[in-house]
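Subject: Structure for you to look at

Hello,

Below is the structure I said I would hand over. Please open it beside this email, and read the notes after it with the model in view.

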Amino acid sequence: MKLHDLKPDLGSKRRRKRVGRGIAAGQGKTAGRGHKGQGARSGGGKGPYFEGGQLPLVRRLPFKRGFTNIFAIHFQEVNVDMLEARFDDGAVVNGASLLAVGLVRKADDPIKVLGRGDLNKRLEVHANKFSKSAAQKIEKAGGSVHAHALKVTGARATVKRLRKADMERLYGDAD
(Lines give C-alpha, C1' and ligand atoms only; values in the text may rest on other atoms or scores of the structure.)
Protein backbone atom coordinates (compact mmCIF):
# COMPACT_ATOMS: atom_id res chain seq x y z
CA MET A 1 0.00 0.00 0.00
CA LYS A 2 1.24 3.45 -0.88
CA LEU A 3 0.17 6.97 0.09
CA HIS A 4 -1.80 7.47 -3.12
CA ASP A 5 -3.81 4.31 -2.32
CA LEU A 6 -5.17 5.72 0.97
CA LYS A 7 -8.84 6.68 0.99
CA PRO A 8 -11.20 7.65 3.81
CA ASP A 9 -13.75 5.04 4.96
CA LEU A 10 -16.83 4.75 2.79
CA GLY A 11 -19.52 7.17 4.03
CA SER A 12 -17.20 9.07 6.38
CA LYS A 13 -16.91 12.08 4.09
CA ARG A 14 -20.12 13.81 3.03
CA ARG A 15 -20.48 16.87 0.86
CA ARG A 16 -22.15 19.81 2.61
CA LYS A 17 -25.72 20.63 1.61
CA ARG A 18 -25.73 23.67 -0.69
CA VAL A 19 -29.08 25.37 -0.15
CA GLY A 20 -30.69 28.07 -2.26
CA ARG A 21 -29.12 26.96 -5.53
CA GLY A 22 -32.22 26.51 -7.65
CA ILE A 23 -35.33 24.30 -7.75
CA ALA A 24 -33.54 21.32 -9.29
CA ALA A 25 -31.21 21.04 -6.28
CA GLY A 26 -34.13 20.17 -3.97
CA GLN A 27 -33.31 22.98 -1.52
CA GLY A 28 -34.05 25.96 -3.76
CA LYS A 29 -36.41 28.91 -3.33
CA THR A 30 -36.99 28.95 0.47
CA ALA A 31 -33.80 26.92 1.13
CA GLY A 32 -35.47 24.65 3.71
CA ARG A 33 -36.67 27.55 5.86
CA GLY A 34 -40.35 27.37 4.97
CA HIS A 35 -42.55 30.36 4.19
CA LYS A 36 -42.47 33.56 6.28
CA GLY A 37 -42.23 33.69 10.04
CA GLN A 38 -39.35 34.09 12.48
CA GLY A 39 -37.39 31.08 11.25
CA ALA A 40 -37.44 32.33 7.66
CA ARG A 41 -35.74 35.62 8.48
CA SER A 42 -32.02 36.18 8.69
CA GLY A 43 -30.93 36.04 12.32
CA GLY A 44 -34.31 34.53 13.14
CA GLY A 45 -34.96 31.89 15.78
CA LYS A 46 -34.52 31.87 19.52
CA GLY A 47 -32.03 30.45 22.00
CA PRO A 48 -31.50 26.77 22.64
CA TYR A 49 -34.21 26.53 25.30
CA PHE A 50 -36.95 28.88 24.09
CA GLU A 51 -40.35 27.49 25.09
CA GLY A 52 -42.71 29.83 23.27
CA GLY A 53 -42.49 32.56 25.88
CA GLN A 54 -43.12 30.23 28.83
CA LEU A 55 -40.46 30.47 31.52
CA PRO A 56 -37.88 27.89 30.38
CA LEU A 57 -37.22 24.77 32.41
CA VAL A 58 -33.64 25.79 33.23
CA ARG A 59 -34.96 28.98 34.84
CA ARG A 60 -37.87 27.26 36.61
CA LEU A 61 -35.62 24.76 38.34
CA PRO A 62 -32.61 26.60 39.78
CA PHE A 63 -31.04 23.39 41.09
CA LYS A 64 -30.63 22.11 37.53
CA ARG A 65 -27.71 24.53 37.01
CA GLY A 66 -26.76 25.09 40.62
CA PHE A 67 -28.30 27.15 43.36
CA THR A 68 -26.77 29.28 46.11
CA ASN A 69 -28.78 29.65 49.29
CA ILE A 70 -28.10 33.21 50.43
CA PHE A 71 -29.42 32.41 53.90
CA ALA A 72 -27.10 29.43 54.52
CA ILE A 73 -24.88 29.60 57.58
CA HIS A 74 -21.60 27.73 57.14
CA PHE A 75 -20.17 26.57 60.45
CA GLN A 76 -16.53 25.74 61.08
CA GLU A 77 -16.57 22.35 62.79
CA VAL A 78 -14.28 21.43 65.66
CA ASN A 79 -14.41 18.05 67.40
CA VAL A 80 -13.81 17.36 71.09
CA ASP A 81 -10.80 15.12 70.35
CA MET A 82 -9.14 18.06 68.53
CA LEU A 83 -9.58 20.23 71.64
CA GLU A 84 -8.06 17.44 73.76
CA ALA A 85 -4.99 17.27 71.52
CA ARG A 86 -4.33 21.01 71.11
CA PHE A 87 -5.23 22.65 74.44
CA ASP A 88 -3.88 22.40 77.99
CA ASP A 89 -5.97 21.81 81.09
CA GLY A 90 -7.84 24.97 82.18
CA ALA A 91 -7.47 26.75 78.83
CA VAL A 92 -10.04 29.15 77.41
CA VAL A 93 -11.13 28.02 73.94
CA ASN A 94 -12.61 30.70 71.66
CA GLY A 95 -12.37 31.79 68.01
CA ALA A 96 -9.00 33.49 68.46
CA SER A 97 -7.39 30.56 70.29
CA LEU A 98 -8.81 28.06 67.77
CA LEU A 99 -7.32 30.18 64.96
CA ALA A 100 -3.96 30.32 66.75
CA VAL A 101 -3.71 26.50 66.93
CA GLY A 102 -4.97 26.10 63.34
CA LEU A 103 -8.35 24.46 63.96
CA VAL A 104 -10.41 27.16 62.18
CA ARG A 105 -9.73 29.43 59.21
CA LYS A 106 -11.45 32.58 60.50
CA ALA A 107 -11.97 33.60 64.11
CA ASP A 108 -15.15 35.58 63.34
CA ASP A 109 -17.00 32.89 61.34
CA PRO A 110 -19.54 30.70 63.21
CA ILE A 111 -18.04 27.72 65.07
CA LYS A 112 -19.77 24.48 66.06
CA VAL A 113 -18.24 22.01 68.50
CA LEU A 114 -18.99 18.35 67.72
CA GLY A 115 -18.70 15.33 70.03
CA ARG A 116 -16.23 12.96 68.32
CA GLY A 117 -13.61 11.56 70.68
CA ASP A 118 -13.02 11.90 74.41
CA LEU A 119 -12.12 14.85 76.60
CA ASN A 120 -10.24 14.62 79.90
CA LYS A 121 -9.19 18.27 80.27
CA ARG A 122 -11.16 21.04 81.97
CA LEU A 123 -11.79 23.63 79.23
CA GLU A 124 -13.86 26.80 79.02
CA VAL A 125 -15.27 26.60 75.50
CA HIS A 126 -16.88 29.57 73.70
CA ALA A 127 -18.62 28.80 70.37
CA ASN A 128 -21.85 29.52 68.48
CA LYS A 129 -23.25 25.98 68.67
CA PHE A 130 -22.58 22.70 70.46
CA SER A 131 -23.85 19.22 69.73
CA LYS A 132 -25.49 17.59 72.75
CA SER A 133 -22.74 14.99 73.07
CA ALA A 134 -20.01 17.66 72.88
CA ALA A 135 -21.63 19.76 75.60
CA GLN A 136 -22.02 16.68 77.83
CA LYS A 137 -18.38 15.63 77.37
CA ILE A 138 -17.04 19.13 78.11
CA GLU A 139 -19.17 19.47 81.26
CA LYS A 140 -18.39 15.90 82.38
CA ALA A 141 -14.67 16.73 82.21
CA GLY A 142 -15.31 19.71 84.51
CA GLY A 143 -15.28 22.39 81.84
CA SER A 144 -17.90 24.95 80.86
CA VAL A 145 -19.86 25.58 77.68
CA HIS A 146 -20.71 29.11 76.50
CA ALA A 147 -22.96 29.36 73.42
CA HIS A 148 -22.87 32.77 71.72
CA ALA A 149 -25.69 33.98 69.47
CA LEU A 150 -24.93 34.53 65.79
CA LYS A 151 -24.70 38.09 64.55
CA VAL A 152 -27.60 38.82 62.19
CA THR A 153 -25.93 40.33 59.14
CA GLY A 154 -26.25 40.49 55.36
CA ALA A 155 -29.22 38.87 53.69
CA ARG A 156 -30.58 37.41 56.94
CA ALA A 157 -30.89 40.89 58.43
CA THR A 158 -32.39 42.68 55.42
CA VAL A 159 -34.18 40.34 53.02
CA LYS A 160 -35.55 37.59 55.24
CA ARG A 161 -38.60 38.81 57.11
CA LEU A 162 -38.88 36.94 60.40
CA ARG A 163 -40.98 37.65 63.43
CA LYS A 164 -38.96 39.05 66.32
CA ALA A 165 -39.54 35.87 68.36
CA ASP A 166 -38.19 33.71 65.52
CA MET A 167 -35.15 35.98 65.11
CA GLU A 168 -34.33 35.62 68.80
CA ARG A 169 -34.83 31.86 68.68
CA LEU A 170 -32.54 31.43 65.64
CA TYR A 171 -29.92 34.13 66.17
CA GLY A 172 -30.18 35.18 69.81
CA ASP A 173 -31.01 38.76 70.78
CA ALA A 174 -32.15 40.53 67.58
CA ASP A 175 -31.02 44.01 68.68
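**Salt bridges**

Arg60 and Glu51 form a salt bridge, with their closest N and O atoms 2.9 Å apart. The term means a side-chain nitrogen of Lys or Arg within 4 Å of a carboxyl oxygen of Asp or Glu. As background, side chains of opposite charge can pair when their charged atoms come close.

Before the rest, some notes on the source. This is a predicted model, in which local features need pLDDT of at least 70 and side-chain atom pairs count only at pLDDT 80 or more, while totals for chains, interfaces and linings use all residues. Residues are numbered from 1 along each chain as its sequence is written, and side-chain values use heavy atoms, with hydrogens and water left out.

Arg60 is partly exposed at 39% relative accessibility, and Glu51 is partly exposed at 29%. Here buried means under 20% relative accessible area, exposed means over 50%, and partly exposed is in between (1.4 Å probe, protein chains only).

The structure holds two salt bridges. Arg116 forms one with Asp81, and the closest N and O atoms are 3.0 Å apart. Arg116 is in the loop between β3 and β4 (124-127) and Asp81 is in helix α2 (residues 80-86), so this pair ties together parts that are 35 residues apart in sequence. Helices (H or I, at least four residues) and strands (E, at least two) are DSSP runs, numbered from the N terminus. Arg116 is partly exposed at 46%, and Asp81 is partly exposed at 26%.

**Sheets**

Two strands pair if DSSP finds at least two bridges between them. Strand β3 (residues 111-114) is joined to β5 by two bridges, and Lys112 has Lys129 in β5 as its bridge partner.

Another open sheet of three strands has the order β2-β4-β6, also with parallel pairing. Its edge strands are β2 (92-93) and β6 (144-147), each of which pairs on one side only. Four bridges join β4 and β6 in the parallel sense, and Glu124 stands opposite Ser144 in β6.

**The segment before α1**

Which residues make the nonpolar surface patch of about 450 Å²? They are Met1, Leu3 and Leu6. Patches are made of residues with over 30% relative accessible area and no salt bridge; like charges are joined within 9 Å, and nonpolar side chains (Val, Leu, Ile, Met, Phe, Trp, Tyr) within 5 Å. Accessible areas come from the Shrake-Rupley method with a 1.4 Å probe, and for residues only the protein chains shown count as cover. Leu6 lies in the segment before α1 (57-60) and is exposed, at 52%.

Most residues other than glycine have a negative phi. Lys29, in the segment before α1, has a positive phi near 50° and is exposed at 69% relative accessibility. Ala31, found in the segment before α1, also has a positive phi, of about 55°, and is partly exposed at 22%.

**Ring contact**

The charged end of Lys46 sits over the ring of Phe50, 5.3 Å from its centre. This requires NZ of Lys or CZ of Arg within 6 Å of the ring centre and within 35 degrees of the ring normal.

Regards
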